[in-house]
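Take a look at the structure shown here.

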Amino acid sequence: MIARRNFLIIASAALAAPSGSYADPLAPDMVFHDPDAPALGHPQGDVTLVEFFDYQCPYCKRNHPVVEEVMAQDPGLRLVMKDWPVFGPVSRRASQLVLGAHEGGGYETALNALMATQARLSNQQVDKALKDAGIQVGAAERNYENASKKIDALLVRNDTQATGLGFFGTPGFVAGRTLYPGALDRKALMAAIQSARSGR
Amino acid sequence: MYLKTVLRWISCLRPMKHRHSLLAILCGLLLLAGAAFGQESAFERLSPKAQPLSPEAAFDVRTEQQGKNLVVTMDIEKGYYLYSDRLSLTSDGTPVARLDATRTQTKQDPNFGQVEIWHDHARVVFGPVTGQVRLVWQGCEEAGLCYPPQSRNLTIDADGLVASLAQAGGRVWVILAFFGFGLALSLTPCVLPMVPIVAGMIGAQTSKTSPARGFGLAAIYVLAMALAFSLIGAVAAISGANLQIILQTPWAVGTMVALFVLLALSSFGVFELSLPQQITARIGKIAPKPGHPARAALLGFSSALIIGPCVTAPLAGALVYIAQSGDLVLGLAALFALGLGQGMPLLAVGLFGATILPRMGPWAIVVNRSMGVLFLALAIWLCARILSAPMILALWSALFVGLGGAMLGRARLGNALGAIALVIGCTQAVGAALGADDPLRPLEPLRASRTPEQPSHKEAFRPVASLADYHSALATGQPTLLYVTADWCTSCRSIDRHVLSDPLIKDALKDWQTLMLDVSQINPERQTMMDALGVVGPPTMIFTQGGQNERLLGEISLRDMQAQLKTAHASQ
């Protein structure tokens with residue numbers, strides 16, 4: 001009974017899904033080149049690394065300096081950080097604020113500011129970390145509200161992709177056609193990129 | 001998987017259906033073909049060995065309802081952990097309190113501060129709560145992966161028998177089950193005293209009674225009894241008052257005693273022979289003539305008081321259900337069915353009693369008089385709830401001496417029986433004078449004073465003074481048995497004699513601290529304790545061990561007690 005009701009809800013949601021380019025979020029093009037997902041590194045890089053992450057996930061944060069370093073040393077790398085807030089409302093709001101900051105051009109600063117925080121976050125700690133990095137929280141909030149439809153749809157899509165691809169949790173990396181669950185050290189990350197580059 | 005495939009097919013098909021219908025069909029076919037070959041995605045996963053476990057495999061979360069609490073047991077794979085602060089149980093979005101939890105480990109991480117986590121195994125008790133709840137947990141793999149919150153929706157049944165029966169098979173099933181329970185209980189000491197009442201009602205008729213009429217009278221009696229039984233129970237449950245308080249007040253017992261004495265006198269023919277016409281007529285109205293349907297109804301209604309104080313598991317279950325759920329209709333119906341079940345053997349007495357018992361000649365008078373004696377015996381039995389034990393022995397003495405005196409000089413059999421009754425009566429009198437408290441062992445004080453025996457079970461049970469006293473006893477961690485008992489509780493006497501004095505039981509209880517809550521006299525302190533412990537009445541035994549408790553209710557048999565102590569021992 002419940003299963004059928006869920007099916008109907010899911011089915012109707014699928015039927016009502018926006019048409020056009022967002023048709024299949026699991027298509028490789030949507031995973032690597034979602035038009036609404038901000039990208040870092042070389043915009044036209046020859047290889048794209050995708051990371052599903054959460055601002056409160058300890059392994060994502062511990063792993064982030066490695067990701068930044070690899071990106072800095074690889075001019076051909078394009079990086080797409082996909083917000084997958086799994087640690088509750090604070091994480092969700094943090095993602096919304098950073099994507100809001102992106103609308104105003106402060107994406108990388110905001111992202112790195114929150115990735116550098118320690119452990120669990122409260123809303124206040126999120127605001128303080130952003131403010132300390134020079135982000136105007138009020139402006140980011142307004143930007144998010146103005147673009148909330150687009151941003152929230154992106155978050156839903158990220159979630160659909162992460163679960164649809166079969167990731168059990170954060171972090172999860174995609175390079176080429178291969179899925180890498182869990183944190184990756186420098187060597188493993190470079191190997192994954194190398195493997196994607198060689199067309200596997 | 002099939003659902004996912006279908007959805008993807010739909011989402012693939014729909015946007016293109018106008019412009020590229022051929023492409024859409026191709027797309028659908030491709031997807032179906034993909035599904036057929038088990039290709040879920042354009043991406044490939046690492047080998048399962050290099051993969052973290054699925055959250056279901058990493059965290060084996062089991063739940064068990066204990067009363068109104070939910071016990072959550074989590075077995076955590078090696079290399080994985082659960083966050084203590086991300087385990088929650090909510091009811092309508094409101095968090096449910098944690099009553100107990102396995103101690104957490106502090107995960108100190110120089111980069112991420114400290115979090116409280118569980119490795120390996122954890123057990124958390126939430127409660128109290130009923131209805132729909134949502135359990136949420138979240139954890140990580142040590143090697144570097146954090147799972148999204150996992151959740152499960154659960155229904156915590158309203159505590160107890162009725163709710164679980166209703167859940168299993170609906171209301172009709174509850175009523176049928178309670179009727180069955182009643183049947184099973186109908187031959188316990190709680191119900192047996194009603195057999196002579198019904199027999200007397202049928203047998204004491206002067207005119208000829210057909211089996212049909214006997215059955216009819218018994219049916220009226222049983223219906224009235226079941227009705228009163230359910231009404232008393234419902235009132236008790238709704239008002240939150242204890243059933244014992246209602247049934248053990250001196251005026252309630254006094255009314256019953258007076259009624260039985262009136263019936264006895266009526267059986268002795270007092271109203272027909274020796275009293276002036278006016279008084280006879282008046283009392284005759286109060287105590288309807290034998291065989292009258294009104295008398296059957298009146299007797300049945302008041303007999304409910306006899307079975308009322310016998311606490312049994314179904315009775316307690318129904319009372320708790322009414323009090324907790326407020327579902328009066330089902331609670332009442334369950335109690336009514338229980339009463340009917342308990343009354344079933346009485347219908348047999350009505351049906352066959354009418355044919356077996358003589359109605360004419362001197363034997364009819366003998367039967368009638370015997371019923372009178374039985375009514376008096378019942379009156380004394382009821383008095384035991386409010387009078388001291390030696391007083392009861394004195395009353396028994398009076399009854400037997402009177403009976404003996406009346407029988408002497410009436411044929412040989414009468415002489416013999418009369419002499420026996422006289423001896424019993426005198427023994428009871430001696431017992432009363434010695435201050436004995438058990439009519440079946442009137443001379444116990446003589447023996448006890450000569451040979452100081454090993455302490456009886458009653459001395460081994462320490463009376464608890466208050467709830468705080470009980471809790472501090474539990475805090476010692478020693479296995480604890482709390483026995484709720486009362487002087488007027490007939491089932492308790494049977495437990496004392498046949499269960500607690502058994503050497504095997506005594507031995508099994510050696511390592512237990514045994515406590516007693518005597519509710520013979522109810523005071524606010526004891527009432528508070530009973531409410532707090534959810535005890536409907538005596539006899540109730542609460543076995544507490546290792547933070548878990550189990551209870552036995554009602555006529556506890558030697559086998560029940562052995563089984564209980566055996567399982568308790570096994571879990572130790």
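## Burial and surface

Chain B has 572 residues, and 44% of them count as buried. This is a predicted model.

## Fold of chain B

Chain B contains 23 helices and 19 strands. Now consider its contacts with a separation of 6 or more. Of these, 68% join residues 24 or more positions apart.

## Aromatic pairs

How many aromatic pairs are there over all chains? The count comes to 13. One pair to examine is B:Trp396 with B:Phe400. Their ring centres are 6.3 Å apart, and pairing requires centres within 6.5 Å. Their planes meet at 40°, so the pair is tilted. Stacked pairs have planes under 30 degrees apart, and edge-to-face pairs over 60.

Where do B:Trp396 and B:Phe400 lie in chain B? Both belong to helix H15, which covers residues 389-407. They are 4 residues apart there, so about one helical turn separates them. B:Trp396 has a relative accessible area of 16%, so this residue is buried. B:Phe400 reaches 22% relative accessibility, so this residue counts as partly exposed. The cut-off for buried is under 20%.

## A cluster and a charge

A:Phe52, A:Trp84 and A:Phe167 form one aromatic cluster.

Which ring lies under the charged end of A:Arg120? That ring belongs to B:Tyr83. The charged end sits 4.3 Å from the ring centre.

Conventions: Residues numbered from 1 in each chain as written. Chains lettered and ligands numbered in written order. Predicted model: local features only at pLDDT ≥ 70, side-chain atom pairs only at ≥ 80, totals over all residues. Heavy atoms only, no water. Helix = DSSP H or I, 4+ residues; strand = E, 2+ residues; numbered from the N terminus. Buried < 20%, exposed > 50% of the residue type's maximum accessible area, 1.4 Å probe, protein only. Contact = heavy atoms within 4.5 Å. Phe/Tyr/Trp six-rings, centres within 6.5 Å; stacked < 30°, edge-to-face > 60°. Lys NZ or Arg CZ within 6 Å of the ring centre and 35° of its normal.
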